[in-house]
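Thanks, everyone. Let me put the structure on the screen, and then I'll walk through it.

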Amino acid sequence: MPYHIGDCVRVKSLEALTTISEDAKDLTPVINGFHIDHLFFNPSMIPYCGRVYTVCEYSGSYFNLADDTGNVLRSRDSSTKWSFSEEMLKPAEEGPTMTIEPALSFEELFAKETLS
């Protein structure tokens, strides 16, 4: 099992999910939902795509996720916890990262000339 309770994961983009889906060949399954690893991806789960969550539970090869406030991802009526398969997730570290270049180097910042 690649993920454990407490791991941060990113739900893959909708485009990536439909690419690996067993039955999403056009936009119709996006409206009706589709399957990945025999697990149904409900259209109500689309807002979670691309976002980072924490694994809070797992059963077999399916994972339940929680947001940053600890709320488990559920259906609108809260009757169903959404489950995600390993194929629907990737480690949160993957993906584009933003690099911010410093305006001054450490040496420049603490040089005598800079402090005067």
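**A walk through the model**

His 38 is found in the loop between β2 and β3. Strands here are DSSP runs of E with at least two residues, numbered from the N terminus.

Before going on, the ground rules. This is a predicted model, where local features need pLDDT of at least 70, side-chain atom pairs count only at pLDDT 80 or more, and totals for chains, interfaces and linings use all residues. Residues are numbered from 1 along each chain as its sequence is written, and side-chain values use heavy atoms, with hydrogens and water left out.

Back to the loop. His 38 has a positive phi of about 60°, although it is not a glycine. Asp 37 lies in that loop too, between β2 (34-36) and β3 (39-41). Asp 37 is also not a glycine, and has a positive phi of about 55°.

How exposed are they? A word on terms: buried means under 20% relative accessible area, exposed over 50%, and partly exposed in between, with a 1.4 Å probe and protein chains only. His 38 counts as exposed, because its relative accessibility is 71%. Asp 37 has 30%, so it counts as partly exposed.

Next, the sheet. What is the strand order of the open sheet? It is β6-β5-β4-β1-β7, five strands with antiparallel pairing. Two strands pair if DSSP finds at least two bridges between them. In general, strands of a sheet pair through backbone hydrogen bonds, either parallel or antiparallel.

Which strands stand at the edges? They are β6 and β7 (89-91). Each has a single partner strand, so one side of each is left without a neighbour in the sheet.

Now the pairings. Strand β1 (residues 8-11) runs antiparallel to β7, and three bridges join them. Three bridges also join β1 to β4, again antiparallel. Arg 10 stands opposite Lys 90 in β7. Arg 10 also stands opposite Val 52 in β4.

Move on to β4 and β5. Five bridges join this antiparallel pair. The bridge partner of Tyr 58 in β5 is Phe 63. β4 and β5 form a hairpin with two residues between them. In the turn, Gly 60 has a positive phi of about 65°.

Ile 5 lies in the segment before β1. Contact here means heavy atoms within 4.5 Å. Not counting residues up to four places away in sequence, Ile 5 touches Val 55, Cys 56, Glu 57 and Tyr 58. Ile 5 still counts as exposed, because its relative accessibility is 55%.

How many salt bridges does a search of the whole structure find? One. By definition, that is a side-chain nitrogen of Lys or Arg within 4 Å of a carboxyl oxygen of Asp or Glu. Side chains of opposite charge can pair when their charged atoms come close.

The salt bridge joins Lys 81 and Glu 57, the closest N and O atoms being 2.8 Å apart. The pair links distant parts of the chain, 24 residues apart. Lys 81 is in the loop between β5 (62-66) and β6 (83-85), and Glu 57 is in strand β4 (residues 52-59). Are these two buried or exposed? Lys 81 is partly exposed, at 32% relative accessibility. Glu 57 is partly exposed as well, at 30%.

Stay in the loop between β5 and β6, where Ser 75 is also found. Ser 75 has a relative accessible area of 11%, so it is buried. Leaving aside neighbours within four places in sequence, Ser 75 is in contact with Thr 80 and Trp 82.

Last, the cysteines. The structure holds zero disulfides, a disulfide being a pair of cysteine sulfur atoms within 2.5 Å. Cys 8 is partly exposed at 38% relative accessibility. Cys 56 is partly exposed too, at 22%.

That's my tour. Happy to go back to any view.

Definitions and conventions:
Helices (H or I, at least four residues) and strands (E, at least two) are DSSP runs, numbered from the N terminus.
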